[in-house]
Amino acid sequence: MKKKRCFCVLCGLGFLLLAGCRARTEEPFVDVPTEKPTGVPAVTGTTERLPEEKRISIAVGDNYAAYLDEEGGLHILYAPEEIMENLDLEKKYAALGKDSSTLVTIDEEGKLWAYYPFTAEEVEDINRQTAEEAAKYGGNYGLSSPNPGIIRSFAELSGVRQVISNYPFESAVLLEDGTLLHESYSKGTYSWEGVTLKEFADAEGTAGITEDGTFVFQSTGWEREKKLKEWPEKLKQICAGNCIVGLTEEGTVIAEEAELDYIINTVEKWSGISMVAARGGTVIGLKTDGTVVAVCTLGNDRGQCAVEEWRDIVAVDTNGRVTVGVRKDGSFVKTEERIR
């Protein structure tokens with residue numbers, strides 16, 4: 001009976017951090033009118049393809065959605081109160097990070113910010129307690145442990161261009177000089193040697209675009225490597241959910257992953273695409289006329305693909321279950337998730 005009680009203590013410690021971080025997804029959203037985002041003045045412009053350097057940055061997580069306009073103004077479409085309380089809406093930002101649990105911003109100096117309720121030292125203490133309990137009573141430890149180094153690096157890094165993270169467990173950060181840095185609790189910090197990137201995507205391997213648009217990738221297994229070698233030499237944009245998705249110079253879309261033939265066959269029929277977004281088994285395409293197309297893996301439709309009636313859209317993103325589109329007047333639309 002005593003051993004069983006100790007095992008419960010271990011479980012409680014192991015979930016302590018996640019409870020502090022994830023429980024916030026259950027808190028009420030900020031009461032923001034659906035048609036009027038908060039923050040800086042609304043976006044102006046047309047539904048024509050934006051120049052590459054003017055692409056609107058948008059991020060949709062599990063409990064938030066935000067975008068940057070062409071001037072770097074931050075608009076919070078919806079978010080938990082703790083994010084709103086800690087954000088500086090008066091600043092200008094260069095980009096938003098991709099993270100499911102929290103909003104990550106990159107300011108004009110290339111510095112990162114993300115809301116996190118624990119300090120790196122508190123995370124180290126929780127990890128130490130959990131490791132001691134695991135060693136004493138048995139159980140797994142370290143496979144999905146929070147990484148205190150990520151919390152420190154987010155505060156210390158500068159010159160950041162792009163970040164994709166599973167905060168605070170692991171992250172991949174692209175610096176302005178084209179260097180790509182990965183950091184995880186199990187592997188520490190490591191980089192992609194010998195390449196200078198403009199943007200990148202992670203999907204059980206890393207793919208990227210260099211400054212001149214050349215598509216490059218790290219080996220992700222022989223079958224995937226064989227398919228990626230057949231991709232066009234140049235791409236305009238790249239993103240990833242369960243598979244890597246690329247946007248060609250001609251406005252067509254390509255994807256790879258043997259298990260997702262339905263997605264591949266669908267996106268290859270799209271044309272006139274100016275922006276792509278992907279998460280999980282969902283791929284979204286923004287057309288140059290301001291309409292939106294979407295596809296998800298069979299059996300994975302929770303309503304995230306209900307975008308047929310959207311018009312005048314200038315930016316899109318999805319968290320895999322909910323899709324958000326920003327209109328040219330700065331208002332936004334979102335799909336409603338069906339709970340199964």
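What follows is a chat about the helix, sheet and cores of a predicted model.

Student: Let's start with helix α5. Which of its residues are buried?
Tutor: Helix α5 covers residues 148–156, and its buried residues are P148, G149, I150, I151, S153 and F154.

Student: What caps the N-terminal end of α5?
Tutor: That's N147, with a side-chain oxygen 2.9 Å from the backbone nitrogen of G149.

Student: F154 has a ring. Which aromatic cluster is it in?
Tutor: F154 forms one aromatic cluster with Y116, F118 and Y167.

Student: How many aromatic pairs are there?
Tutor: The count comes to six aromatic pairs. Take Y78 and F332: their ring centres are 6.5 Å apart and the planes sit at 40 degrees, so this pair is tilted.

Student: Why tilted, and not stacked or edge-to-face?
Tutor: Because stacked needs planes under 30 degrees apart and edge-to-face needs over 60, and the planes of Y78 and F332 are at 40 degrees.

Student: Where in the chain do Y78 and F332 sit?
Tutor: Y78 is in strand β3 (residues 74–78) and F332 is in strand β22 (residues 332–334), so the pair links parts of the chain 254 residues apart.

Student: Are those two buried or exposed?
Tutor: Y78 is buried, with a relative accessible area of 10%. F332 is buried too, at 3%.

Student: New topic: the largest nonpolar core. Which residues touch the most other members?
Tutor: Of its 23 residues, those are L77, Y78, V292, I313, V324 and V326.

Student: Which strand gives the most to this core?
Tutor: Strand β20 does, with four residues.

Student: Tell me about V326. What does it touch?
Tutor: Leaving out residues up to four places away in sequence, V326 touches I58, Y67, L77, D312, I313, V314, A315, S331 and F332.

Student: What does the second core include?
Tutor: It is a separate core of 18 residues, and A114, F118, I126 and I150 are among them.

Student: Last one, the open sheet. What's the strand order?
Tutor: The order is β17-β18-β19, with antiparallel pairing. The edge strands are β17 (273–279) and β19 (292–296), each pairing on one side only. The twist averages 15 degrees from one strand to the next.

Student: How many bridges join β18 to β19?
Tutor: Five bridges join β18 (residues 282–287) to β19. In one of the pairings, G285 has V293 in β19 as its bridge partner.

Notes. Residues are numbered from 1 along each chain as its sequence is written. This is a predicted model: local features need pLDDT of at least 70, side-chain atom pairs count only at pLDDT 80 or more; totals for chains, interfaces and linings use all residues. Side-chain values use heavy atoms; hydrogens and water are left out. Buried means under 20% relative accessible area, exposed over 50%, partly exposed in between (1.4 Å probe, protein chains only). Helices (H or I, at least four residues) and strands (E, at least two) are DSSP runs, numbered from the N terminus. A polar contact is a pair of N or O atoms within 3.5 Å; within protein, one must be able to donate a hydrogen and the other to accept it, and residues adjacent in sequence count only if both atoms are side-chain atoms. Two strands pair if DSSP finds at least two bridges between them. Axes are lines fitted to C-alpha atoms, for helices over the stretch in contact, and angles run from 0 to 180 degrees between N-to-C directions. A nonpolar core is a set of buried Ala, Val, Leu, Ile, Met, Phe, Trp, Tyr and Cys residues joined through side-chain atoms within 4.5 Å. Contact means heavy atoms within 4.5 Å.
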